[in-house]
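Colleague: I would like to learn how to read a few features of a protein model, going slowly and one at a time. Could we begin with how strands are joined?

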Amino acid sequence: MSGARALLMTLRLLDGRYHGAGDWPPSPFRLFQALVAGAYGGRWAAEPPEAKDRAFRWLEGLPAPLIAAPPVRAGAAFTHFVPNNDLDAVGGDPARLAEIRVPKRVRPLIVTGEAALLYAWRFDRDDDVHARLLCRLAERLHHLGRGVDPAFAEAAVHDWPDAEARLAAHGGAIARPSSAGGADDPRCPTEGSLDGLKTAFAAAGRKFKTP
């Protein structure tokens with residue numbers, strides 16, 4: 001695609017650790033979730049959502065990004081105890097959460113080099129309005145993986161050859177999109193992902209309401 005452009009996002013893990021389960025590099029969908037949480041949460045909850053909605057729905061429709069990721073090694077495993085999300089087992093009473101705690105084993109990944117990841121989405125040159133809004137929204141990202149994984153992101157729009165050069169210069173492994181369902185499936189957002197996240201967030205907000 002001649003004249004293509006790229007939304008290039010740089011993500012940094014502040015502690016150089018990643019507690020997300022089952023994916024390295026963090027999947028595009030996991031990043032999508034973190035971007036949405038930052039864009040709509042906190043003091044931004046009262047902000048008109050229409051432009052943001054259009055931008056994230058545009059991102060849903062793009063092909064899978066290329067990802068450059070640093071090497072990691074497995075850290076020490078530990079166990080902590082959390083509610084098992086079965087409140088019905090104690091009659092729906094939040095005061096009885098301690099009765100349904102279960103052990104959860106966690107083993108973080110520790111970044112062994114520069115703790116930066118690059119995500120590059122390719123799109124048509126004349127379609128950069130949403131990309132530029134996403135560049136601004138990326139600055140609101142605050143965590144990736146789990147709540148113990150503080151992170152920040154910055155993004156910019158580049159010509160595609162420049163984005164490819166930056167990926168190559170990163171020095172880490174480059175993950176390329178595969179066919180759906182393959183072993184290296186990057187698990188990207190698809191049409192309806194934003195609406196699904198909004199629905200799940202609304203449902204979670206009602207979970208602990210008592211009659």
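Modeller: Two strands pair if DSSP finds at least two bridges between them, and a strand is a DSSP run of E with at least two residues, while a helix is a run of H or I with at least four, both numbered from the N terminus. This is a predicted model, in which local features need pLDDT of at least 70, side-chain atom pairs count only at pLDDT 80 or more, and totals for chains, interfaces and linings use all residues. Residues are numbered from 1 along each chain as its sequence is written, and side-chain values use heavy atoms, with hydrogens and water left out.

Colleague: Which residue of β7 is the bridge partner of V72?

Modeller: The partner is V111, and β4 pairs with β7 (residues 109–111) in the antiparallel sense over three bridges. The open sheet runs in the order β2-β7-β4, and because β2 (17–18) and β4 (72–74) each have a single partner strand, one side of each is left without a neighbour in the sheet.

Colleague: How is the packing of two helices described?

Modeller: One gives the angle between their axes and the distance between the axes. Here the axes of α2 (residues 50–60) and α3 (residues 129–138) come within 9 Å and cross at roughly 105°, the axes being lines fitted to C-alpha atoms over the stretch in contact, with angles from 0 to 180 degrees between N-to-C directions. That makes α2 roughly perpendicular to α3, a term for angles of 65 to 115 degrees.

Colleague: Which residues of α1 are buried?

Modeller: Buried means under 20% relative accessible area (1.4 Å probe, protein chains only), and the buried residues include P28, F32 and Y40.

Definitions and conventions. Parallel < 35°, antiparallel > 145°, perpendicular 65-115°, else oblique. Buried < 20%, exposed > 50% of the residue type's maximum accessible area, 1.4 Å probe, protein only.
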